[in-house]
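Please look at the sequence and the structure first.

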Amino acid sequence: MRIDVCLVSLNDISRAGMTLILEKEGFNVLSSWETVDELKLVKPTGDYITILDCDSLAIQLAAVESAKTILPGSRVVVVSEQFDLKTVIACLGAGAQGYIIKSARSPRMLAALRLVALGEKVVPSDFVDTV
């Protein structure tokens, strides 16, 4: 099953690296953008995942809300440097299907994205440990 992905990250090196990893593992990166607003250029063609690589906890919720407004049919996944329970809950409440901590190894991230593509919600193990 080929999974279509839109990628958003302010960091061009992160976008390039993630694109290489995703494509090597059979994902189809439809587009790679610097900002969520650029998602307006995407022409939805079916099921796909929008990955939001957000450096700051402060912008994650707004990024999820914007992505869901621009591409309501997309399954949104936040990739974050750190775990914050309130932010994870807020992002999931705003419609994110997944929240992945960057410290996870590539195979874990790829498995989480495959689960999201199947319609599952994915949260970090820290979330489960906290609740």
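Leaving aside neighbours within four places in sequence, which residues is Val 64 in contact with? With contact meaning heavy atoms within 4.5 Å, Val 64 is in contact with Leu 52, Val 76, Val 78, Cys 91, Ala 94, Gly 95 and Ala 96.

This is a predicted model, in which local features need pLDDT of at least 70 and side-chain atom pairs count only at pLDDT 80 or more, while totals for chains, interfaces and linings use all residues. Residues are numbered from 1 along each chain as its sequence is written, and side-chain values use heavy atoms, with hydrogens and water left out.

**Overall fold**

The protein has 5 helices and 5 strands. Helices (H or I, at least four residues) and strands (E, at least two) are DSSP runs, numbered from the N terminus. Along the sequence the pattern is β-α-β-β-α-β-α-β-α-α. The radius of gyration is 13 Å, close to the 14 Å that the globule rule gives for 131 residues, so the protein is as compact as a globular protein of that length. This radius is taken over C-alpha atoms, and the globule rule is 2.2 Å times the number of residues to the power 0.38. Of contacts between residues at least 6 apart in sequence, 65% join residues at least 24 apart.

Buried means under 20% relative accessible area, exposed over 50%, and partly exposed in between (1.4 Å probe, protein chains only). In H1, the buried residues are Arg 15, Met 18, Thr 19 and Leu 22. They cover an arc of only 105° around the axis, which puts them on the same side of H1. The arc is that of the directions from the helix axis to the C-beta atoms. Ile 13, Leu 20 and Lys 24 are exposed on the face of H1 turned away from the buried side. The buried residues of H1 pack against strands E1 (3–9), E2 (27–33), E3 (48–54) and E4 (75–80), and against helix H4 (106–117).

In H2, Gln 60, Ala 63, Val 64 and Ala 67 are buried. Their arc is only 100° around the axis, which puts them on the same side of H2. The face turned away from them carries the exposed residues Ala 58 and Thr 69. Among the elements covering the buried residues of H2 are E3, E4, H3 and E5.

**Nonpolar cores**

A nonpolar core is a set of buried Ala, Val, Leu, Ile, Met, Phe, Trp, Tyr and Cys residues joined through side-chain atoms within 4.5 Å. The largest core has 22 residues, and those with the most contacts inside it are Val 36, Leu 39, Leu 52 and Val 64. At least two residues of this core come from each of E1, E3, H2 (57–70), E4, H3 (85–93) and E5 (96–101). A second, separate core of 19 residues includes Val 5, Ile 51, Val 116 and Val 122.

**A residue in H3**

Thr 87 lies in helix H3. Is Thr 87 buried or exposed? Thr 87 is buried, because its relative accessible area is 12%. Not counting residues up to four places away in sequence, Thr 87 touches Leu 57, Gln 60 and Tyr 99.
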